[in-house]
Amino acid sequence: MIERNVTIVNKAGMHTRPASNIVKIASKYKADFYIIKNGYSINGKSIIGVMTLAAEQGSVLTLRFEGEDEEKAAKEIIKFFEEGFGEL
Amino acid sequence: MNRSEQIFKGIAASKGISIGKPFVYRAEVPSYKVDISPAVIISAESEISDYENAVSQSVKELKKIFELAKEKLEEKNLQIFEAQLSFLYDEFFHSKVKDRIRSENKQAFTVFKEEIQILENAVVSSNDEYIRERVNDIEDMKNRVLRNLLKGRLVSKITENSIVIARNLTPADTILFSNRNLLGIATDLGGINSHVALISRSLRIPAVVAMQDISVNITSDDFLIIDGYKGIVIKNPENDTIESYKKLIEKNLEFERKLEELEKLPSETKDGKSVKLSTNLEFNNEVDYVVTHFGCDVGLYRTEHLFMELGDFPSEEDQYKQYKFLAEHIYPKTVTIRTFDIGGDKILPESQKELNPFLGWRGIRICLDKKETFLVQLRAILRASAGGNIKIMLPMISGIEEIKKTFEYLEEAKQQLRQQNVRFDENIQVGVMIEIPSAVLLADEIAKMVDFFSIGTNDLVQYTLAVDRDSSLVCEMYEKFHPAVLRMIEMTVKAANKNNIPVSVCGEMASDQYASLLLIGLGITELSVVSTAYLHIKRLIRLIKFENAQKVASKVLTMSTINEVKDYIEDCFNKNIGEKLNVSI
């Protein structure tokens, strides 16, 4: 299991477009993917779940990956967060 | 329960009387109160399959809307559809909903709504404005799914032979109902020209609209009489009331039977002027009646219902089949097919709706913008025209450019068919609806380009007077006897006569006996009326003298107020009468 904290850096936050991209990326991997915010955990492969977090700029989230390809999944998704979902 | 007789008043929108049980329809999704008692669930599995159908139907709709909107909307707005689609593709969310339906034995409707509510609450509580705004997308998606969920439920639930009671019916709702044998419709909202009224009249069922709050005062345990002449609904009538209404129904049937004697007689005035009388048509189930009883032309076939039933533009093949069915049944009489007259409000999602849909993207404007869709319809019509009894009519024409462009498209469609060696009527006639004042002002030029005019009085009144007929605040100003409207019609007739093309009226005005007298006098050569009014209007035509109708019309054209016109016409009718409308002018 891999767990990492990330901060939302882009201005518009984790809105619909990034949320749907996160789901798209996560779905490529077998590993389970959870996003945790303030103790509330959602399935990162569900766009509705991701939207429910309503994470704005500055929010700190915990990403949890669990499964055979967890390393690859973690690498790509964390990168996507760090790049501000390509909106910086 | 209070079982004593109670009368609710509204506006009579479609004639007729029925006695029967109500079907109370609550369609407005946001306020829909769902019974969550487990008893109403037939089985969790059937709830789940309803849910799956509703979701896949919603996906289908959204994809189509996306296609349609692609060219019209900015990139930023398109993302809304993509987002909504991705919501609908969320399998994790769906399995959560399905799991809860199974484990809690609740309706799909309730569970879905609760789960979406969680999402909405989270989004609304965000500190970020942009994220908060996403709630509109979620709302739109939610309503779409809920609507489809209800629709599926509705079709299986509407009891035949019942009187539908509703807050309001959208055109799509009404069409849904039209496939059932209904006894009548009563709604809280709506006006005499609202869609529900028009459809009720074409289905020959009584309708009463603008009843304020009937939808909350009737339950499925009640028993009703709906009186579409007086515009009332009687809840739990006394036996005496029922008896007297039964007698009235019998009397009306007798009058109808008398009218039927007119079926075989020509449509001409006392002094031998023949007035062409044809009928408007929307639904297939009216075709047989029209053919066997009237044997007349179809002066207006509306194609919008094909779109609304599907929530999408039908394929060329489906349209071809439909038009061919009509043309073959009506043969040797002709059918005038009006190309899609859809409002942008039927296509665009909630968040993109125009503030003034009647002044917005509708009718020919959509068709010309969506060339492929238009070509599909034109090809379908052309293919069905091989028998030579189809005409094309264009709605919402406001100027010459639209006609020119349509002719380019039509030529392109013809060329495509020629290349494939498909037979069609090379000389198919094309006419335009005259319903926008600018078209009236350009009528002389337009008449040189087309084969016929048909005046759509409903829109012409609305656009001439700048009155929204669905707005309860101003609908009283919606007045077909407004002198300006009558002069618009006169101008149109003059231009048509000058250029030797026929001019018909296919709006509601043609179906009104008072107004049709005027129209004949103004020189309208053809009246296309709703089938329920066909014999009434024929009776009127046979009772009047053309010479006198002309006198009435020219006198009216000198008048400058609505009241003058109305009083004078009423007086003309009353003077010569024993019984009301027993006209002999």
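Where is the place of A:Val50 in chain A? A:Val50 sits in helix 2 (residues 47–52) of chain A; helices are DSSP runs of H or I, at least four residues, and strands are runs of E, at least two, numbered from the N terminus.

This is a predicted model, in which local features need pLDDT of at least 70, side-chain atom pairs count only at pLDDT 80 or more, and totals for chains, interfaces and linings use all residues. Residues are numbered from 1 along each chain as its sequence is written, chains are lettered from A in the order in which they are written, and side-chain values use heavy atoms, without hydrogens and water.

**View 1. Surroundings of A:Val50.** A:Val50 is buried, at a relative accessible area of 0% (buried means under 20%, 1.4 Å probe, protein chains only). Beyond four places in sequence, its contacts (heavy atoms within 4.5 Å) include A:Met14, A:Ile35 and A:Gly44. A:Val23 is another contact. The C-alpha atoms of A:Val50 and A:Val23 are 8.1 Å apart, across 27 residues of sequence.

**View 2. The interface of chain A and chain B.** Here 19 residues of chain A contact 19 residues of chain B. The buried area is about 1,500 Å², with 72% from carbon and sulfur atoms (accessible area, 1.4 Å probe, lost on putting two parts together, summed over both). In chain A, A:Ile48, A:Met51 and A:Glu56 lose the most area to chain B, together 35% of what that side buries. Helix 1 (16–27), strand 3 (40–43) and helix 2 of chain A each supply at least two residues of that side. Helix 2 gives the most, with five residues.

Terms used: Buried means under 20% relative accessible area, exposed over 50%, partly exposed in between (1.4 Å probe, protein chains only).
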